[in-house]
Amino acid sequence: LEAGLVPSELREDVVGRLVNDVLVKDYHPDTGCVGTRLLLPVLADNGYKDLAWKLLMQDTYPSWGFWLKNGGDCPWEGWELGVRSRDHFFLGTCAEFFYSHLCGIREVRDGCKHVTIAPVFYPELESVGAKLQTIRGELECSWKWEIDGQGKCDGNGCENKKVILQLRVPNGTEAQIY
């Protein structure tokens, strides 16, 4: 799906199978090191941002939250408590999702001449921000919810809230914002 190798007439079916796999596994990753990096972005980019969020926030075995719940402060070599290395990027690729989807810094191309900014606004988050040092200077993107009156957010959306997006783009960089 991520590489664009699925024919368009099969794309919906393949996405459906991926979604079903996540549901059958009760929102737990089961992808290995290569697929884990792609799991959250592929779900979010194919209309399942809420499913990606639920998977990301899972805190029972196996999950990133399980690590946190058990004292982890960086990615481990495996999901189990008895892994040899507790500082191993093998399955910690959810960090890329933080930059590319939560904050929206995507498609940094041509020595940062062109960048795409396309954050996914989750009502569960109050704010998100990230900085990226590029050859042209610092690229910074952040967003936060602003409440008008008695605004509230829940899993069904936001009422009386709007998003404030702040973006700092280095000189000589063109940014497309979605």
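Predicted model: local features only at pLDDT ≥ 70, side-chain atom pairs only at ≥ 80, totals over all residues.
Biologist: How many aromatic pairs does a search of the whole structure find?

Modeller: The search finds eight aromatic pairs. One of them joins Tyr 61 and Phe 66.

Biologist: Why is the pair of Tyr 61 and Phe 66 called edge-to-face?

Modeller: The ring centres are 5.5 Å apart and the planes stand at 75°. Pairing needs centres within 6.5 Å, and edge-to-face needs planes over 60 degrees apart, so the name applies.

Biologist: Which parts does the pair of Phe 121 and Trp 145 tie together?

Modeller: Phe 121 lies in the loop between strands E2 and E3, while Trp 145 is in strand E4, so the pair ties together parts 24 residues apart in sequence. Phe 121 is partly exposed at 28%, whereas Trp 145 is buried at 17%.

Biologist: What makes you say that the charged end of Arg 86 sits over the ring of Trp 76?

Modeller: The charged end is 4.1 Å from the ring centre, and the distance limit is 6 Å, with a further limit of 35 degrees from the ring normal. Lys 49 likewise lies over the face of Tyr 122, at 5.0 Å from the ring centre. Trp 76 also belongs to a cluster, linked by ring pairs, with Trp 64, Trp 67 and Trp 79.

Biologist: Which residues touch the most other members of the largest nonpolar core?

Modeller: Of its 36 residues, they are Leu 40, Leu 43, Trp 64, Phe 97 and Tyr 122. Helix H3 gives the largest share of this core, five residues.

Biologist: What does Leu 43 contact, leaving aside its neighbours within four places in sequence?

Modeller: Its contacts include Leu 18, Val 19 and Val 22.

Biologist: How do the axes of H1 and H2 cross?

Modeller: The axes come within 11 Å and cross at roughly 115°, and the crossing is left-handed. Leu 18, Val 19 and Val 22 of H1 make the contact with Leu 39, Val 42 and Leu 43 of H2.

How values were computed
Residues numbered from 1 in each chain as written. Heavy atoms only, no water. Phe/Tyr/Trp six-rings, centres within 6.5 Å; stacked < 30°, edge-to-face > 60°. Helix = DSSP H or I, 4+ residues; strand = E, 2+ residues; numbered from the N terminus. Buried < 20%, exposed > 50% of the residue type's maximum accessible area, 1.4 Å probe, protein only. Core = buried A, V, L, I, M, F, W, Y, C linked by side-chain atoms within 4.5 Å. Contact = heavy atoms within 4.5 Å. Axes fitted to C-alpha atoms, helices over the stretch in contact; angles between N-to-C directions. Left-handed = near helix turned anticlockwise from the far one by under 90°.
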